[in-house]
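Hi,

Here is the structure I promised to pass on.

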Amino acid sequence: MSVYQLERWRAAGYLPRHPRRGLGRGRGTRAELLPATVERAELLARSARQGRALETVLTTGLDQALREHSPAVLRTVVIGHLHRRVAAFGIEPQLLSGADVSEEAWDEQAEAVLQAAADRARRSQPPPETHNFLRDLAQQRGLDVEGVARMPRWQEVRPLLAVILRVFAGGPGAVGLEEIAEAVGAGLRLPEPVVEEMKTTFAAQELAQADRGETPHVLSEHLAGAQALIAAVECADDEALMRAAAVVRLTTQYQMLALLCSLAALRVAPGMPLRMEPEGVVRMLQHPVWICWGQTVSRAIATREESLAVLIAEALDPRRPGNTDGLQDYLRFLRVELGLPDEDVLSASFGDPVV
């Protein structure tokens, strides 16, 4: 494969960024080529030569583990993807394992994360406004959307994306309260007094968390770092991990199907084999799991194993809207709205994908 093809794959997220190691004493840094990057590039190159779409090779490990009902393989696959995802920020594996490292090493890693997060945020596109788009279409159809809140319109998403990426790489404590408030303020173009009030509110929330004996950080219940996600996968029992993976795999697929059927129901897309009533679209837009989870699911997320691995790890945390129980209830909701029987489909989820 040409160097240009490899660079296109890296820019699209199929290959991780090369981690950089400091040479010390102001001598700069140097990039390192990880063996996992070579293996992944070889897999992509072979698949490209066979004429297969890249997405078809990126969920094979997860699907195979589910088909074979192998918790050990599934755990290895999910943790491997989490390690590769965080390696794109130049973080050394020992820092995720909790091993003792020098203060200089921590400083070098922090600098690498800042740079990698900023670079990735600059390349990122604003998320599609799927929720508001469907709400407006429903309103144009004359449907009652009074109970459907509009999502805030992000004017500048890059500062907030940089915060999210840094939290993933280093945990909630990697980002200060003022940075969070300023990123939200910049994204929504909020007046300065509102941003200052937000900082005060965040500080009060942290004090309340500390009084309750919880981790004192405003993002602790909303975003998790890679280290916490890896620990959750390592500690989960086999049944919980298999169930989380099956629920995430199915619900992302049904979410994409429901989105297509929603467009068809509002008459902006061709007819679909399954039908969703226009009123069902409104009910979906009001569902709390759609608001906090479903509207962020895209085709790229639903078909890329690396993205699904993050969702599986997050599903193991019962505090999150996208937890296993919440997603399973949402899956039943989507099936009913699509006119499918309200039955447990998890037992059949260890075969081929349903969509």
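**What I found**

The protein chain has an accessible surface of about 18,400 Å², and carbon and sulfur atoms hold 54% of it (Shrake-Rupley method, 1.4 Å probe; for residues, only the protein chains shown count as cover). Before you go further: this is a predicted model, in which local features need pLDDT of at least 70 and side-chain atom pairs count only at pLDDT 80 or more, while totals for chains, interfaces and linings use all residues. Residues are numbered from 1 along each chain as its sequence is written, and side-chain values use heavy atoms, with hydrogens and water left out.

The protein chain has 355 residues, and 46% of them are buried (under 20% relative accessible area, with exposed meaning over 50% and partly exposed in between; 1.4 Å probe, protein chains only). It contains 17 helices and two strands (DSSP runs numbered from the N terminus: H or I of at least four residues for helices, E of at least two for strands). Of the contacts with a separation of 6 or more, 70% are between residues 24 or more positions apart (contact means heavy atoms within 4.5 Å).

Now to helix H17, which covers residues 324–337 and includes Arg335. Arg335 is buried, at 6% relative accessible area. Its C-alpha atom is 8.7 Å from that of Ala258, 77 residues away along the chain.

There is one aromatic pair in the structure. Tyr330 and Phe333 make it, stacked at 5.9 Å centre to centre with 15° between the planes (rings of Phe, Tyr and Trp, the last by its six-membered ring, pair if their centres lie within 6.5 Å; planes under 30 degrees apart are stacked, over 60 edge-to-face, the rest tilted). About one helical turn separates the two, because they sit three residues apart in H17. Tyr330 is buried at 0% relative accessibility, and Phe333 is buried too, at 17%.

How do H13 and H17 pack? Helix H13 (residues 278–286) lies against H17 at an angle of about 165°, with the axes 10 Å apart (axes are lines fitted to C-alpha atoms, for helices over the stretch in contact, and angles run from 0 to 180 degrees between N-to-C directions). That makes H13 and H17 roughly antiparallel (over 145 degrees; under 35 is roughly parallel, 65 to 115 roughly perpendicular, the rest oblique). Gly280, Arg283 and Met284 of H13 make the contact with Tyr330, Phe333, Leu334 and Glu337 of H17.

Cheers
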